[in-house]
Amino acid sequence: MPAPQPSQPSQTPQSPQSPQPSYADQGAPTSALSPVVPPVLAEVVRSGFVEGRHRGNLVVLGADGAVELALGEVTAPVFPRSSNKPMQAAGVLRAGLDLAGERLALAAASHSGEPFHRDLARKMLDEYGLDPALLQCPPDLPLDAEERETYLASGAVPDRVTMNCSGKHTAMLAVCAQQGWPLETYLDPEHPLQRVIHRVVEDAAGEPVAAVGTDGCGAPLMAISLVGLARAFRSFVAAEPGSAERRVADAMRAHPEYVAGSRRADTWLMREVPGTLSKMGAEAVQAVALPDGRALAFKIEDGATRALGPVLARALTLLGVDAPVVERIGRAPLLGGGREVGEIRASF
C-alpha cells in the first residue's frame, strides 16, 4: 500500500448567513447550533495523514468595526463562556466596587490556580470581610495541568478558591456586600448585580442577549453572537480612559498572568503584543482585540481546546500580527512513541 501523501490545507469559502433564531423569555433555545455546517478551521495531521478535522465559526473585524472576514455563521448566538468575563468584571465596577491592578485582572480571570492566584483571591476575601464558604463556584483543582500535579502532590484537595473563577466570584460577593445586596442569591439572573452585568454585555456587544444559561462556575451566562463578542472586546480597548470597560482592559493587559497563568496563551499574547486584549472561554471560544481596534472571535464547534492555538495563530497572522509569540501559540504537535509525528494546523 502506498504511503499516505501530505494533505493541503482545505480552503473554506465564506458561508452565507442564516436567520438568527429568537428565544422566548430568555429561555434555553431548542438548538443554539446554526443549521449551516461550519467550515473546517483546523486539521489533525498524523504522519502526513489527515485523521481528524475541527469545524467552527470565526469573524474578524477591521479597525472601524466592520466585518472583514466571516467564516461560517457569525451572527447566530453562542455562549462565550469565560470570554464574557471582562464584561462581568466591568459590571462589578459599574455596580460600585473600586478594583484596580492585579485584583481587577483576577476578577476577569480564568486563572490557572497557581499559588499567586490563590493567595490574592484569599487576600481579597479577607479585605472585604468575606468567608470563603460564601463562594458559590464549585470546589476544583488548578486549571493548569502542571500546577494540578504539584497541588495534588502537596496533599491539597479541591477548593472553591482554587477554582479558576474564584476571582470573579470574590468580586461579585464584594460588591454585593458593599451595596447591601443579598449574598446568598448573587448568582440569580434577577439579582441586582446580574441585571447590571446583563446590561453591560448588551452595551458592549451592541445587540440583545439572546439567551441566559448557567456557566460551569454557576454564574449566569449571556449568549451573544461572535460578531457581538468581537465588537465587545473592541469596545473595551477603545473605551474612554477611566470608564469601567477601559479600566478592565487596562488591568488585564497590565497583569496578564493574573488573567490566565504562567503557561497560558492569553498571558503570552497580552504580554508580548502590547495593547492586546485576549480572553479564552470553555468549549473552545476565543476573543481578541488589538490596540488599533481590530478584533476577532471564534468558536470551535466541538469544543476541542486543542484547536484553539492553531486557529488563533492563523487569525492573528491574517490581522498582520508579526511576533514570535504567534508561532508559539500556534504550535500544537502530535506525538507518536514519544516523538513528534504530526500537528494540529489551521486550514483557512
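Q: In this predicted model, what percentage of the contacts in the protein chain between residues at least 6 apart in sequence join residues at least 24 apart?
A: The contacts considered here are those between residues at least 6 apart in sequence. Within that group, the share joining residues at least 24 apart is 64%.

Q: How many helices and how many strands are there in the protein chain?
A: Both kinds of element occur in the protein chain. The strands number 11, and the helices number 12.

Q: Why does the protein chain count as being as compact as a globular protein of its length?
A: The globule rule gives 20 Å for 348 residues. The chain is as compact as a globular protein of that length because its radius of gyration is close to that value, namely 20 Å.

Q: What percentage of the residues of the protein chain count as buried?
A: A residue is buried when its relative accessible area is under 20%. Of the 348 residues in the chain, the share that counts as buried is 55%.

Q: Is strand β1 largely enclosed or largely open, and why?
A: Strand β1 covers residues 40–46. Six of its seven residues are buried, and therefore the rest of the structure leaves β1 largely enclosed.

Q: Which residue of β11 stands opposite Val44?
A: Strand β1 pairs with strand β11, residues 339–346, in the antiparallel sense over five bridges. β1 also pairs with strand β2, residues 49–61, in the antiparallel sense over six bridges, where Val45 stands opposite Val50. In β11, the residue opposite Val44 is Ile344.

Q: Which residue takes a positive phi in the hairpin of β1 and β2?
A: This hairpin has two residues between its strands. A positive phi near 55° is taken there by Ser47.

Q: Why is helix α1 described as largely enclosed, and which residue just after it takes a positive phi?
A: Helix α1 spans residues 85–94, and nine of its 10 residues are buried, so the rest of the structure largely encloses it. Among the buried residues are Met87, Ala90 and Leu93. Just after α1, a positive phi of about 125° is taken by Gly96.

Q: Why does Arg195 count as partly exposed?
A: Arg195 lies in helix α6, residues 192–205. Leaving aside neighbours within four places in sequence, Arg195 is in contact with Pro189 and Glu190. Arg195 counts as partly exposed because its relative accessibility is 39%.

Notes. Residues numbered from 1 in each chain as written. Predicted model: local features only at pLDDT ≥ 70, side-chain atom pairs only at ≥ 80, totals over all residues. Heavy atoms only, no water. Buried < 20%, exposed > 50% of the residue type's maximum accessible area, 1.4 Å probe, protein only. Helix = DSSP H or I, 4+ residues; strand = E, 2+ residues; numbered from the N terminus. Pairing = 2+ DSSP bridges. Contact = heavy atoms within 4.5 Å. Rg over C-alpha atoms; globule rule 2.2 N^0.38 Å.
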